[in-house]
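Please open the model in your viewer and keep the selection tool at hand. The tour below moves from one selection to the next and says what is found at each stop.

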Amino acid sequence: QVQLVESGGGLVQPGGSLRLSCAASGSIFSINAMGWYRQAPGKQRELVAAITSGGSTNYADSVKGRFTISRDNAKNTVYLQMNSLKPEDTAVYYCNADLPFGATTLLHWGQGTQVTVSS
């Protein structure tokens, strides 16, 4: 059983910063890619950023230059540093982790953490 637990969400003013963390625990031998998604009310869940086990990253165009994803493989943890936050960044943020599962892989999700950007 693998669990992902996010933390670091909250209320922040426009232009502010937050750092999200997501720690994976349980029966883990290795983790492939890890990522952050978000879902705003009435919208579909969308990719925010992802990072491979080797450290390669990709970002949604809307967050490039403002958000930075990183990971600590020793701690099975992925981070999302969010700077210059905008009201449109308001959403529930979910992390995920892709783990080997036999001959394939299995994607695990956290429970989500709310980020609200408002004055």
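**Along the sheet and into its disulfide**

Begin by selecting Ser7, which stands opposite Ser21 in β3. This is a predicted model, in which local features need pLDDT of at least 70 and side-chain atom pairs count only at pLDDT 80 or more, while totals for chains, interfaces and linings use all residues. Residues are numbered from 1 along each chain as its sequence is written, and side-chain values use heavy atoms, with hydrogens and water left out.

Next, select β1 together with strand β3, residues 18-26, and you will find the two paired in the antiparallel sense over 6 bridges. Strands here are DSSP runs of E with at least two residues, numbered from the N terminus, and two strands pair if DSSP finds at least two bridges between them.

Now widen the selection to the open sheet of 4 strands, whose order is β1-β3-β8-β7 and whose pairing is antiparallel. Its edge strands, each pairing on one side only, are β1 (2-7) and β7 (67-72). From one strand to the next the twist averages 15°, where axes are lines fitted to C-alpha atoms and angles run from 0 to 180 degrees between N-to-C directions.

Move on to strand β8, residues 77-82, which is mostly covered, as 5 of its 6 residues are buried (buried means under 20% relative accessible area, exposed over 50%, and partly exposed in between, with a 1.4 Å probe and protein chains only). In the hairpin of β7 and β8, where 4 residues lie between the strands, select Asn76, which takes a positive phi near 50°.

Which cysteine is joined to Cys22 by a disulfide? The partner is Cys95, with an S to S distance of 1.9 Å, and the structure holds 1 disulfide, the term being used for a pair of cysteine sulfur atoms within 2.5 Å. The pair links distant parts of the chain, with Cys22 in strand β3 and Cys95 in strand β9 (residues 91-101), 73 residues apart. Because the torsion about the S-S bond of Cys22 and Cys95 is about 45°, the disulfide is right-handed.
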